[in-house]
Amino acid sequence: MLLQIHEPGESPLPHSDDVAVGIDLGTTNSLVAISHDEMAEIICGADGKFYVESVLSLLGDGSVVVGDVSGAAKKISSVKRLMGLGYAEAKKTISDFGFDVDPAKSEKVIRIKLGEKELTPIEISAEILKALKANAEAALGKTVSKAVITVPAYFNDAQRQATKDAAKIAGLETLRLINEPTAAALAYGLDRGAEGVFAIFDLGGGTFDVSILKMQMGVFKVIATGGDTALGGDDFDLALAVMLKQKYFKNGSAIASDQPPRNDVSVIQLKPLARKIKEQLTFSEIVKENFAGVEIEVTRAEYEAIIGDLADKTISIFERTIKDSKLKKANIDGVVLVGGATRTPLIRAKIESLTGKKPLIDIDPDKVVAMGAAIQAEALTKGSNNLLLDVTPLSLGLETYGGLMEVLVPRNTPIPVSIAQKFTTYEDGQSGMNVHVLQGEREFAKDCRSLAKFDLKGIPPKAAGTAIVEVSFMLDADGILTVSAREETTGTEQVVEVRPSYGLGAEEMEKILITSIEQAKSDIMNRLLAESRVEADIAVKTILGALKKDGNLISNDYKARIEAQIEVIAEAVKGTSRDRIDVEVKQLDAIGADFADLRTSAALSGYLSGKKVNEV
Amino acid sequence: MINYFEIFGFQQDYFIAKDRLEQEYFKLQMQAHPDRMIGKTEAEKKALLGTSANVNEGYGILNDDVRRAEFLLELNGVRVNHERDNDFQPSQALLVEQMELRERAGEIESGLENKAELLSHVDAEFENEKKEFNKYFSKKLFAQAAESAMRLKYLEKLKDELEKL
């Protein structure tokens with residue numbers, strides 16, 4: 001435990017009852033953790049699992065739950081891959097979503113059909129966050145409203161903003177978005193007391209990041225980062241599933257002429273089996289499984305042959321990042337592995353081959369990111385002696401004449417960062433200007449990621465070229481862009497209207513938030529109503545049982561009064577007023593009080609005379 | 001104009017101890033970074049956001065051999081290597097030299113030039129030019145120092161492009 005040392009004059013740490021958690025919102029699985037004195041602990045759900053599947057399951061009764069429910073009518077998974085994307089962009093890397101998407105409405109944000117509803121990846125991520133929040137609140141016995149949430153280091157502005165929007169809908173204040181490799185470095189560094197230059201190689205379900213950090217004196221400084229937000233273990237599954245399909249048909253036709261292989265077997269259907277086989281191949285050289293009556297065998301060599309290209313892709317990104325860092329491979333003290341897919345023997349072998357060092361695997365690759373996030377959440381609410389200094393992963397720039405991308409902030413620039421650019425008018429009396437902001441490394445604007453279009457309004461009408469507007473582009477510590485503008489000659493702040501190219505617009509976000517709050521209220525009301533109904537049911541069953549045994553103790557009139565009240569309760573239970581049900585149940589208690597007394601006396605005298613009441 | 005040398009606690013010399021610079025950078029961010037702002041109001045945090053960005057900017061300038069040279073000149077009223085409004089232009093000799101180096105770079109693909117050799121040559125010239133800059137600047141010979149800063153920039157750009165090949 002580090003001693004908190006205050007500099008003279010520094011204000012003391014505030015009393016903080018705020019409990020803030022760390023959340024790893026993963027492609028395949030999500031986790032929530034909490035930290036005390038820089039020791040993080042994963043919070044489990046009621047089912048004892050340390051993670052929640054990042055899946056939304058539609059059940060038979062039309063309800064939607066978070067988690068991978070076997071036998072569910074429909075499931076939506078891996079939506080992290082769709083955050084901050086429009087349909088056109090998503091289709092470039094995903095040929096088959098595995099669920100229904102409405103292309104017509106999905107230009108700026110993907111719209112997924114689930115039962116009666118249409119949901120965006122942001123809303124689905126919000127459901128997952130809500131489930132994690134609920135688990136944390138159940139475990140801690142407190143309200144949790146603040147979180148540090150991790151994102152892939154290579155996430156662009158739209159993807160980051162989408163993550164923050166999801167948190168907002170889930171009722172969580174995002175204290176900070178931190179990059180997954182940086183979170184892992186923090187957890188690893190504090191756990192091992194490691195100092196020096198480390199590479200974090202993070203291959204998750206759907207995204208890949210590699211960051212090179214210098215860890216020294218409590219400072220975790222990112223030197224360079226690279227990655228691919230559309231590369232992960234899911235792609236290994238898919239490649240293997242394709243091979244399994246071929247083997248299924250081959251083996252199937254060879255075996256039986258009376259039972260030919262089913263034509264309708266799709267690659268998507270084979271993915272769960274592919275994942276199972278993939279995991280077993282980590283430990284075995286050969287795996288045999290059965291699918292729909294057909295035996296399928298896969299060797300590690302075959303598997304490595306089909307994932308070879310994907311593995312090489314990660315290595316070449318790693319090499320490029322080392323180059324960006326301007327360090328030599330020998331300067332790297334260690335490589336830390338993060339993410340389930342780094343269990344793949346081929347990946348480990350290639351990393352060792354590249355760096356000459358055995359990768360470090362002594363910290364759980366599935367938990368380390370959530371733990372780092374929790375430590376940072378503690379740091380931001382209770383203070384800490386550590387500091388994370390991160391960078392922006394993608395160059396930020398503007399579209400200029402001829403459709404070129406002019407870089408304003410190069411990739412791997414430390415954040416926060418602020419760059420000012422001067423613009424002038426090209427027409428007399430021009431009162432507005434628009435600016436197209438992009439992210440990416442390509443020469444042409446059309447090949448980069450469109451972030452937003454900014455309209456500057458209220459420029460004082462002057463001769464062309466005399467009004468000078470200085471536009472400031474600021475990337476904050478979350479890596480998200482804000483823009484402000486000032487007209488130099490008059491000194492007035494300009495109105496900057498942002499039109500993000502992707503994501504939920506402000507209006508739609510408002511609507512969703514209102515719905516979400518109402519939904520939360522109605523969920524609570526529904527639960528309370530259900531509880532009242534259950535209590536009423538128990539009360540009625542109890543008294544009916546008592547009447548059956550001891551009905552002879554009371555008059556028929558009295559019995560009739562009790563039965564009449566039972567009828568009243570039956571009517572109330574059919575309605576939706578919880579209060580009404582509670583009142584009528586209380587009334588039943590009141591009416592039945594004398595009967596209860598008689599039963600007690602009878603039981604006592606029966607006992608005294610050696611007889612039990614139900615023998616009478 | 002913010003004098004980053006002052007903020008980081010260094011004399012206005014060209015050669016700088018980079019280890020010490022990095023330590024000062026860490027110390028400054030420990031004070032200025034938004035994550036260290038617990039207990040501060042939103043307004044205070046917003047005001048300080050600029051400071052953390054400034055510290056990053058300052059470190060970027062002082063840590064980079066070319067930008068540091070340009071910055072030292074600018075502190076002395078000499079503007080060089082900007083898009084426009086420069087106080088000095090590159091000499092004919094410098095332009096010719098750079099054109100020749102680029103021609104040589106162009107011949108790597110065909111095999112007439114060796115990439116490693118050329119890179120090594122450019123590196124050596126760069127290291128040498130740093131000493132030249134220091135020599136002129138410390139004597140306040142700003143015109144020569146400006147030419148030196150321009151040569152440093154050209155060589156750095158060429159080095160980056162060669163490494164991409």
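Predicted model: local features only at pLDDT ≥ 70, side-chain atom pairs only at ≥ 80, totals over all residues.

Val409(A) belongs to strand S21 of chain A.

- Although twelve residues separate Val409(A) from Gly397(A) in sequence, their C-alpha atoms are 6.6 Å apart in space.
- Beyond its neighbours within four places in sequence, Val409(A) is in contact with Thr392(A), Ser395(A), Leu396(A), Val417(A), Ile419(A), Phe473(A) and Leu475(A).

**The eight-stranded sheet of chain A**

- Eight strands of chain A form an open sheet with antiparallel pairing, in the order S21-S20-S24-S25-S28-S27-S26-S23.
- Strands S21 (404-409) and S23 (417-424) of chain A stand at the edges with a single partner strand each, so one side of each has no neighbour in the sheet.
- On average, neighbouring strands of this sheet are turned by 30 degrees against each other, direction ignored.
- S21(A) runs antiparallel to strand S20 (residues 396-400) of chain A, and five bridges join the two.
- Within this pair, Leu404(A) in S21(A) is the residue opposite Thr400(A).

- Ile415(A) and Pro416(A) are joined by a cis peptide bond, with omega about 0 degrees.
- Pro416(A) lies in the loop between strand S22 (413-414) and S23 of chain A.

- Strand S15 (residues 286-291) of chain A lies largely in the open, because zero of its six residues are buried.
- S15(A) pairs in the antiparallel sense with strand S16 (residues 294-299) of chain A over six bridges.
- Lys288(A) has Glu297(A) in S16(A) opposite to it.
- Two residues lie between the strands of this hairpin, and Ala292(A) takes a positive phi near 50 degrees there.

**Domains and loops of chain B**

- Chain B is divided into domain 1 (4-63) and domain 2 (87-164), and the centres of these domains, taken over C-alpha atoms, are separated by 31 Å.
- Asn81(B), which is not a glycine, has a positive phi of about 65 degrees and is placed in the loop between helix H4 (65-75) and helix H5 (92-106) of chain B.
- With 19 other C-beta atoms within 10 Å, Asn81(B) is partly exposed.
- Lys140(B), also not a glycine, has a positive phi of about 60 degrees; its place is in the loop between helix H6 (115-138) and helix H7 (142-164) of chain B.
- Lys140(B) is exposed, with 8 other C-beta atoms within 10 Å.

Definitions and conventions: Residues numbered from 1 in each chain as written. Chains lettered and ligands numbered in written order. Domains from an automatic or database assignment. Pairing = 2+ DSSP bridges. Helix = DSSP H or I, 4+ residues; strand = E, 2+ residues; numbered from the N terminus. Axes fitted to C-alpha atoms, helices over the stretch in contact; angles between N-to-C directions. Contact = placed C-beta atoms within 7 Å. Buried ≥ 20, exposed ≤ 12 C-beta atoms within 10 Å, placed from the backbone.
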